[in-house]
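I opened the notebook to look up a few side chains and what surrounds them. The entries follow in the order in which I checked them.

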Amino acid sequence: GRVVEIAEEAAGRDDLIFAIAGSGPMADQLAAQTAPLPSVRLLGDLSPQQAHLLRGASALAMLPSRPAADWEETFGIAALEYQALGVPVLASDLPGFVESCAVDDFRIPVDASPQQWLRRADHLLERRDRYSTVAAGFAGRFTARNSATVLLTAVEAAAADRLALQP
């Protein structure tokens, strides 16, 4: 996958560790691909508490999603989870991440090369303190109250439109 391509490009760098959590139908293939890459750590399935600790201990989250025929990133909840902990993210520029990433620097074109991913990651890491503050402030806006207000406003607008159409 994309993370493997980026990790391969980063081979020889001792300042980056790629921690990959989870498992799935491609776990064996992923293990084989990453075996020669000392900077990759396959963590397997994590409990929610372990995943939270991993997110909090990360310097940067890389979320290199690609479009698929049977799946679409509708909202990048993982990006928001990292940012809530003050961790900057670097995500594919897919529609779901437009809403869930604090600034344009947190998104990169889907077709960006591994070299471009690493250059952007270096940019974010060099300015981590600034981007950490931006990330946490942005994520703090996604409260239950704010989400409920957005939903209620949408429902009220839809109801008003429906009433306006009635004779």
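I began with Arg107, which I found in strand β5; strands here are DSSP runs of E of at least two residues, helices are runs of H or I of at least four, and both are numbered from the N terminus. The model is a predicted one, in which local features need pLDDT of at least 70 and side-chain atom pairs count only at pLDDT 80 or more, while totals for chains, interfaces and linings use all residues. Residues are numbered from 1 along each chain as its sequence is written, and side-chain values use heavy atoms, with hydrogens and water left out.

I noted that Arg107 counts as buried because its relative accessibility is 13%, where buried means under 20% relative accessible area, exposed over 50% and partly exposed in between (1.4 Å probe, protein chains only). The side chain of Arg107 is joined to that of Asp93 by a polar contact of 3.0 Å, that is, a pair of N or O atoms within 3.5 Å, one able to donate a hydrogen and the other to accept it within protein, with residues adjacent in sequence counting only if both atoms are side-chain atoms.

I then turned to Asp105, which lies in the loop between α5 (95–100) and β5 (107–108) and counts as partly exposed because its relative accessibility is 27%. I found its side chain in a polar contact of 2.3 Å with the side chain of Tyr131.

Lastly I looked up Leu90, which touches Asp105 and Arg107, among others, contact meaning heavy atoms within 4.5 Å.

Terms used: Lists of a residue's contacts leave out its neighbours within four places in sequence.
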